[in-house]
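Student: I have a model open and would like to go through it. Can you take my questions as they come?

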2 protein chains.
Amino acid sequence: MYFVKVYVTYKDSVLDPQGEAVKNAVHRLGYDAIEEIRIGKYFEIQVSASEEEVEATIEAICDRLLANVNMETYRYEISKMEEV
Amino acid sequence: MYFVKVYVTYKDSVLDPQGEAVKNAVHRLGYDAIEEIRIGKYFEIQVSASEEEVEATIEAICDRLLANVNMETYRYEISKMEEV
């Protein structure tokens, strides 16, 4: 069993209005030290497959479902889960 | 200037219906190796403050704005940004 963390973020060239709104809210609360906020999605995924299959499966579901590859980019970290 | 990555996730005891829906969608696409998906939020934040202030500021905005501490938990990683 493998544990995969997937991070989906807007490409740098794409505006992030949600992040901009949160930054404005943070400033209204008085935290002026915050220069920039960008918001992404974070997935924790458990996969039961062989090591070779895990990477292919994760890339496939990111491309097909989790990320909009026109506007977003993704990266992932795979770790092996210890069986209890 | 510091660069902070913040991960906000539901507590383990809290159901994640959005993650469940995505898992079902992934299964319909034929990826049966996916056992579990949980979805969180991911923030990339730039802070211009001293090292001591960054941690306090991040915890304050997480508690007050970014996370619902009744249902969610958060963790963060702080790194120093190189000035160009």
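Predicted model: local features only at pLDDT ≥ 70, side-chain atom pairs only at ≥ 80, totals over all residues.

Student: How many residues does each chain put into the contact?

Tutor: Chain B gives 29 residues and chain A gives 28 residues.

Student: On the chain B side, which element gives the largest share?

Tutor: That is β2(B), with 14 residues. The elements giving two or more residues to that side are β1 (2-10), α1 (17-28), β2 (34-47) and α2 (51-66) of chain B.

Student: And what is that side made of, nonpolar, polar or charged?

Tutor: On the side of chain B that touches chain A there are 17 nonpolar, five polar and seven charged residues.

Student: What does β2(B) pair with, and in which sense?

Tutor: β2(B) pairs with strand β2 (residues 34-47) of chain A in the antiparallel sense, over 13 bridges. For example, Gln46(A) has Glu36(B) as its bridge partner.

Student: Switching to helix α1 of chain A: how far does it reach?

Tutor: Helix α1(A) has 12 residues and reaches 17 Å from its first C-alpha to its last, close to the 16 Å expected at 1.5 Å a residue.

Student: Which of its residues are buried?

Tutor: Val22(A), Lys23(A) and Val26(A) are buried. Seen down the axis of α1(A), the buried residues fall within an arc of 105°, so they line one face of the helix.

Student: What covers them?

Tutor: The cover includes β2 of chain A and α2 of chain B.

Student: And what is exposed on the face turned away?

Tutor: That face carries the exposed residues Pro17(A), Ala21(A), Asn24(A), His27(A) and Arg28(A).

Student: What about Gly30(A)?

Tutor: Gly30(A) follows α1(A) and has a positive phi, near 105°.

Terms used. Residues numbered from 1 in each chain as written. Chains lettered and ligands numbered in written order. Contact = placed C-beta atoms within 7 Å. Helix = DSSP H or I, 4+ residues; strand = E, 2+ residues; numbered from the N terminus. Nonpolar A, V, L, I, M, F, W, Y, C, P; charged D, E, K, R; others polar. Pairing = 2+ DSSP bridges. Expected span 1.5 Å × (residues − 1). Buried ≥ 20, exposed ≤ 12 C-beta atoms within 10 Å, placed from the backbone. Arc of directions from axis to C-beta.
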